[in-house]
Each structure stands twice: as C-alpha cells, then as structure tokens.
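Please keep the sequence and the model at hand while reading.

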Amino acid sequence: MSTVEQTENPLVAGLERLPVAPTTLVIFGATGDLAKRKLLPALYNLAHEGALPERFHLVGVSRKEKEDEDYRDECEQAIRRFSRRKPSEDVLQGFLENVKYVPGEFDEDAPYAELEQVLDEFDQEAGETLNRAFYLSTAPNFFPLIVERLGARGLSSHDDAEVRVIIEKPFGTSLQEALELNRQVLDVFEETQIFRIDHYLGKETVQNMMAFRFANGMFEPLWNRNYIDSVQITAAEDIGIGTRAGFYDQTGALRDLIQNHMLQLLCHVAMEPPVSFTAEEVRNEKVKVLHAIHAPKSEQVPEIAVHAQYAAGHSGGEDVPGYLQEDGVREGSTTETFAALRLEVDNWRWAGVPFYLRAGKRLARKITEIAVTLKPVPHLAFSQDGSLGVKPNQLVLTLQPNEGVTLQLGAKIPGSRMRIRSVNMEFLYGTSFMSQSPEAYERLIMDAMRGDPTLFTRNDEVEAQWRICDPVLQAWESSGGQLPQYEAGSQGPSVADDLLLDGHHWRAI
Amino acid sequence: MPAVSDAVWSEQGTTPDAIEAALRGLLAERHSEDGGFLPARVLNMVAFVESEYSGEIANRLRGVGRYHASRLIVLSYEPRRTRLDAHASVAAEDEAKPGDIVLLHETVIVELGDRHLDDLLTIADPLVVSDLPTLLWSPHGHPEAVQALLPLAQATLLDSVDEPVWAEAIDRANTLSDRLYVVDLAWLRSTPWRERIAATFDPPALRGELEAIASITIRHHPDSTVAGMLLIGWLASRLGWRLSPLRAEGDVLSGTAQAERQEIALRLQAAPEQLVRGLAGLSIETASGIQLRLDRGTGGLRAHQRDAEGREHEWTILGASRGEAGILGEGIRQALLRDPTYRPALQAAQQMLP
C-alpha cells in the first residue's frame, strides 16, 4: 500500500492515462495542412477520450488575419473532416471554447506580444501558471526565427511551469543546416525542453519493435552477425507526389524518408537492449547504432547508394505521368523519387551484415516492412529429393498496411516424398488486439505535454543521421545528369540491384 | 459494429463436439470465400443468460463494437429445456477488399436447461478457443453456474450495482477475486473520476495535500452505492487510511477514516435526480481549505476548485461519455489488462460495510 510520503503520486497506479499538467498549446502555422489534417483532429480525439490536461487552451498563430471565431470555425471544419471518429457535439464545442487565434508575421514583434498577453490571460483565468508548449508546424525556414523571437520575448521559460517547444520535421536539409538549427534552438531552449518530431516513432508498430525484440527470449540469441545474413527495410508508396510538388521537389526520397524514419527503424532493429526504457537510455542506444555506421566517402557513394525517378507508367489500372510531368515539378529536376542505400553497422553484433534501405514513390504497392533474413542451414539433407524453393528463414515485420510479423519456415510438402517448401507463420495485430491504435500525433502530443522525450529525436541523434546521409546527397548533387528512371507501378529501378551483395535479392514490393 | 455478412449453422439435439466441428467448418468456409477473412483471436467470452432475456443481452453485446469477443459462447438457460440446441455464426465486420484483412467474430448460442447444469463445464470447455483468455459473464446472477464455469475462466465480468443488496455485491466481488481477476463495471464507471482526482493532486506543490484530506462527500445514483464505496476504498487503499464501518441513515452513509495526521469525514448520499448509473458528484476538502468539486455535466465533468486563499475557479474537463454500451465494451477490453488497484479498493470498501 502506498503512502503519501512517497514522491510519486500514489493515485496514478493502475490508471491507463497518466495525468498531464494544465497546459496551453500554441501552434505556429495553425492554418496549415499539418495542423488541419493531423494536429487538430489529434487534439480533438484526445479531448474526446478525456486525455487532455484538465485545463487546456489552444492558441493558433499564423500569418493570415482572422478573428478567434473564424479560426474556431476552421478548427471545427478540420476536425469534422479529418477526425478518426465522429465528434461528440458537446465535447467539440467545449474544445473550441478554449481556442484563440493570434495573427501576424513570424518575423515581427507584434504577434509575440499579443501571444504573451493571451498566455498570461489564460494563467490568470485559471488561477495558476499553466505549462506552455509551442508547436512549430511552419515551413522549416521559420523555425530559427520563431525560436529566436520566443526567446527575445522571454517566452522560453515561465515561473513555476514547464515550457516546451515541439519542432516538426525536417530538422534541417543537410548536416550543416541541422547543426546550425540545433545551435539556434539550443541558444534559447535547453535540450530537455526540445521535442523534435519524427512521427514514425509515435506509431504503435514501431514502438512494438522494442517489445518484440526485448520481451521475447527466442529472438535475442539469433539477433547478431552469426545468424543474420542481411536486413532489408522498405518504405514503398504506390502514389506519386500528388499536390506536394513544392515540398517534394526540394526534398526527395532520401531526405523525406531515409534520413529520419528509416534510420530510426534501422536503429530499432540494431540497438542493444537499453538498461531501462527511460528516454535517455533508449536514445543513447540508438545513437550508438548511428555512430557505428560509417559515413561514406564520396567515392564510395556509387557503391552504396542509388537514386532514381519514376517515369510514366500504370498504377491501380490507370495511366500515370512520370515525375517530370507532374504539376509543379521543376523542368529537368534531378530530385530522386527512389533512393536505396546499403549500410553497415560496424560493431561487435552486426559487423559484416548489410542493411539495405529503400524508399520510393509510385512503386508497385504501399508497404513498409523490415525483413530480417537468417543465414541458410549449413547442410540440407533433403536436397537430393528435389526440394522446391527452400529458402533461408526470413522474419518480416510489417508496419503497414497490415501490421504484423511473418516468419518464413521450411515445411514438408504433403506426400510420400520428403520435399520442402517455404510456408508462412503469420501474426497480425488486427486479429490479436481489440483496441484501435491511436494516431501517432495523439501519442506524441501527449508525450510532449507530459515532458516524456522517449519518442522524440535528440540533437545528437539528428546530427548522427545527417552525418550518414549528407555525403550521399553531396555526391548526388555534384554528379549531376539525368537520373535513372523506373516505370511507375513497377518494383523500382534495376540499378537498385547494383547495391546487393552476392546471393542477395530485393524482396518483391 | 453490425456484421456485414454471416455464415450460420444450427442443430437441434446437438453435442459440444458437433458445435465445435461446425465452427471449424464455418471458419474454413469463410476463409475460402476470401483469404482476407481471418478469425479474431483475442478473447473468449462465455455468457450464462436466462433465455427470456437473451435478446436484451444480445442487444447489449451488439453495442460493444470492436470489443466484441473473438468467440462469444452464450449459454441460454431455460429451466425446463431437456434438449441441447445450438446456433453458430461466423460474422465478418466488413466487406472483403483486396489486400486488407477483415476480422471474423464467432458467436455460439447453446440452449440448455436444468438437466445440463451439472455438465456446464464439459459443454462450454470444448467450445472455447484454446490458449485464449476466457471471460465469464453471468448478468442474471446464477452463482451456481458461475461456480461451475470458473475453472474455464481467467477473468469474470460483473456489475456490482446489479446486485439487489449492495453490501452483498462487495462480499461477492471479494470472494470471486480470490479465484480469478474481476472486471467490475461499477469500478470502470468511476475511471474518469479517479483520473481527475489523481490529476488534481499530481502537481508536486499539491501532492502534500493528499495527507491533509479532511472530508469526502460523494453523490451517486440510488443504485450505485457500491460505486461510491469503491471510490472511497480506492483513496483509502492508496493513501493508507484506516477504515471502520459506516453508519446508514436513510439514503445517507457516513463515517470516518483515520489518516496518519487526522480524521477524514466520509459521506455517501444518493442523488435521485441522476438518471444513469454511477457517480453524480464528489467533493474533497483538505485541512488547508482547498476544495475540489466534480459534477457530472454535458461534454465532460464540471470541475470547481477553491484554493487555500479562497479563490474559486470553474471549468469543464472535456471527455465524451461512453454510455452503458461503451462500459460493457470497456469491461471486455479490461479483461485483457490488470488493474492492481481494484482489489485493494474492494477490500477497503468491505471494511466500511455498515
């Protein structure tokens, strides 16, 4: 039985939802796409579940001039359109009552002065000092500006309350930018106040990878270079760039997916078991993995990295244009829509095991998966009997669309002869759990307001990710010329095969 | 969640073996219709219900949506029945779409009578999916059936407010807790209240006030005395209070608890105006003058707080009510979890029985 002498709150034991301190959340870029599609619906769903702090206010900050009422109407429309559940009218109206809007240019003083006034009013109304969280959901070039202005206005700290800043990706577009941005943000905020979003980390299936590895004794003895032959991580999309040409043409597949999400997945596969599941221990182990990956020299890049662009083709039974024909793409653009890397984690556990990463748009279908291929058995006694398709065991963790784990095993084909073929032993999350996974943003917003940084990227983690990717981007930029093409709706470019070591194959997408 | 398509089977004068074989056949049939049809494999639920109320129970279970048990076995009891009849269905919750999985839920209704009561275990046991946890629910009482089926279950679902005599409900839940995990809907209805009390005292500056709680008043639906007792039991067990029996005067229960430093006045009072089961409101006061009041309201709980200087603030704590169908679904979900605070709260509530 607990007693009140304990420093922990004795009343939180057994509760699924831990208390979150009263908070005012400020969204910069409040009228943007991310706010409308993800952040506002996530906040509403948290309100619906009773998970928001019991005193919660939302302030939208954006350049467009509008009144509080107009912004509330926009919030309502966004929530009705994008929420994963039909809103309850009472909860929705209650949520909107606590919403305010501050217009202004991010490089001017006026909006920060008004914001300070609004925040102080909320504190006075509540009769206590509310925590503050600033969510930067703007174009990345505004991040340093907003942070600097918040600091200049004295909004980076607050007496008797926590102040946090949540920064959306991309965190820089190169190592140099990331270093500079970290310096600028750390000039104003402490690292413990900074929450760099990589929304993949908020996905249940990514978090479950740690449970899968560290809660099941059967895998750990095999999880090393002695038994694992290779690892393939794939993030394939069947869609093109849609209306995102402005963003994508400046970004490309490496920056968009590999530098952040896919390196995070690699870290989850390769990290050592942390001593505990505290934020620092988990992130320390991930950083060690990133440090064990050598940044390629420019002359090595063609051997370990491939990029390509989709050409016209067929997707979903329809003709689709090539990347260069998409609306908004620069003429002659050399932005890659497909990127693949072969990396090595050069440490005791993984030395010599290739990690293949590939990400692309307009591929045959949408799938995100991690395939761990084990080494073949040393001797196959049945081979003379004509076994069919015997393959090394493969463990496939699928993140989307159907989250689950598949283990490929060799099994005897029914009949009088001893013939073997691969079969699948499948586990699907959808069949084994009743609960609906929360949206990644719901989990991440709550964690940021609670001050738990476990699922956010630390400064040294971001920099280590860029140290791996930056030389590849520089080599590609300096090489110039037209990129290899692959047909839309296909398995990707044939040049991707050049990365594979002998005996290895890309898994079918 | 209503089923989009069903495969069904029924037989009069059947046996558990035949029912189990029929279920296997129905699953194979659905899977051959479309490889994306896959059986949910989360939880078995065995419900012992009186046949005349089986329609009402079916309606309640339909309302649980995605918390439908993977395999639901309804033992529908009609005392004078002599023959074992059964209906089985395997329902898909959506249309099959290429590349997607669609979950199948299995429901078996076994109609039985007095003569089968001694064999309940051997009737139900072959029907549950091996290696899945089994939740037992007997909404119409029938302790003899519960007793017979206990070896099959890892958890039992009950609603303490359903017992005609609330004090007996606490005794019964305690007795069952000795055997298996108890999911009590009366406890689940109090979750938002417990969360909010925990949140109020969570800031380090206020945590010390837990030691200074001087009084608690709870208002509850007239049938939900147990819910109030459990809430006080929860605070007492978490904060280390010593308890003694409460006094009953009309629709009010009152008494005291003893904390390390001071006595705490306890009061539970029926709120006849409240139409739904559960708590209507509560008030907690501390020796330093802080008061927290929570009242049920539209769109969430209405909070009223007075600080030590006498300043008052009111606000709404957002959250949608689950409704009674939602509570049953939550109960099924909770069968797969373990709340370590329920049993101590229940034991504390037992110490307060008048």
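## A charged patch on chain A

Glu65(A) sits in the loop that runs between strand 2 (56-62) and helix 2 (68-82) of chain A. The model is a predicted one. With a relative accessible area of 67%, Glu65(A) is exposed. Together with Glu67(A), Asp70(A), Asp73(A) and Glu114(A), Glu65(A) forms a negative surface patch.

## Chain B as a whole

Chain B contains 11 helices and 18 strands. Taken along the principal axes, a box of roughly 70 × 50 × 35 Å holds the C-alpha atoms of chain B. Of the 354 residues in chain B, 56% are buried.

Contacts in chain B between residues at least 6 apart in sequence join residues at least 24 apart in 71% of cases.

Most peptide bonds are trans, and most residues other than glycine have a negative phi.

The peptide bond from Lys169(A) to Pro170(A) is cis, and its omega is near 5°. Pro170(A) belongs to the loop between strand 5 (163-167) and helix 6 (175-188) of chain A. A cis peptide bond also leads from Gln400(A) to Pro401(A), with omega near 10°. The loop between strand 14 (394-400) and strand 15 (404-412) of chain A holds Pro401(A).

## Positive phi angles

Arg362(A) is not a glycine, yet its phi is positive, at about 55°. Arg362(A) is placed in the loop between strand 12 (354-360) and strand 13 (367-374) of chain A. Is Arg362(A) buried or exposed? Its relative accessibility is 13%, so Arg362(A) counts as buried.

In chain B, Asp131(B) has a positive phi near 70°, and this residue too is other than glycine. Asp131(B) is part of the loop between helix 3 (120-124) and strand 7 (134-137) of chain B. The relative accessibility of Asp131(B) is 81%, so Asp131(B) counts as exposed.

## A buried threonine in chain A

Thr24(A) is located in strand 1 (residues 23-28) of chain A. The relative accessible area of Thr24(A) is 1%, so this residue is buried. Which residues does Thr24(A) touch, not counting residues up to four places away in sequence? They are His57(A), Val59(A), Leu119(A), Phe122(A), Leu130(A), Asn131(A), Arg132(A) and Ala133(A).

## Salt bridges

Side chains of opposite charge can pair when their charged atoms come close. Over all chains, a search of the whole structure finds 57 salt bridges. In chain A, Asp109(A) forms a salt bridge with Arg149(A), and their closest N and O atoms are 2.7 Å apart. Asp109(A) is in the loop between strand 3 (99-103) and helix 4 (110-126) of chain A, while Arg149(A) is in helix 5 (residues 143-152), so this pair ties together parts that are 40 residues apart in sequence. Asp109(A) is exposed, with a relative accessible area of 51%.

In chain B, Arg219(B) meets Glu273(B) in a salt bridge with an N to O distance of 3.2 Å. This pair links distant parts of the chain, 54 residues apart: Glu273(B) is in the loop between strand 14 (263-270) and strand 15 (279-286) of chain B, and Arg219(B) is in strand 10 (residues 213-220) of chain B. Glu273(B) counts as exposed at 54% relative accessibility, whereas Arg219(B) is partly exposed, with a relative accessible area of 27%.

Asp295(B) forms a salt bridge with Arg219(B) as well, and here the closest N and O atoms are 2.9 Å apart. Since Asp295(B) lies in strand 16 (residues 291-297) of chain B and Arg219(B) in strand 10, this pair ties together parts that are 76 residues apart in sequence. Asp295(B) counts as buried, at 19% relative accessibility. Elsewhere in chain B, a network of salt bridges links Glu78(B), Arg81(B), Arg83(B), Asp85(B) and Glu111(B).

Definitions and conventions. Residues are numbered from 1 along each chain as its sequence is written. Chains are lettered from A and ligands numbered from 1 in the order in which they are written. This is a predicted model: local features need pLDDT of at least 70, side-chain atom pairs count only at pLDDT 80 or more; totals for chains, interfaces and linings use all residues. Side-chain values use heavy atoms; hydrogens and water are left out. Patches are made of residues with over 30% relative accessible area and no salt bridge: like charges are joined within 9 Å, nonpolar side chains (Val, Leu, Ile, Met, Phe, Trp, Tyr) within 5 Å. Accessible areas come from the Shrake-Rupley method with a 1.4 Å probe; for residues, only the protein chains shown count as cover. A salt bridge is a side-chain nitrogen of Lys or Arg within 4 Å of a carboxyl oxygen of Asp or Glu. Lys and Arg count as positive and Asp and Glu as negative; His and the chain ends are not counted. The place of a charge is taken as NZ of Lys, CZ of Arg, CG of Asp or CD of Glu. Helices (H or I, at least four residues) and strands (E, at least two) are DSSP runs, numbered from the N terminus. Buried means under 20% relative accessible area, exposed over 50%, partly exposed in between (1.4 Å probe, protein chains only). Contact means heavy atoms within 4.5 Å.
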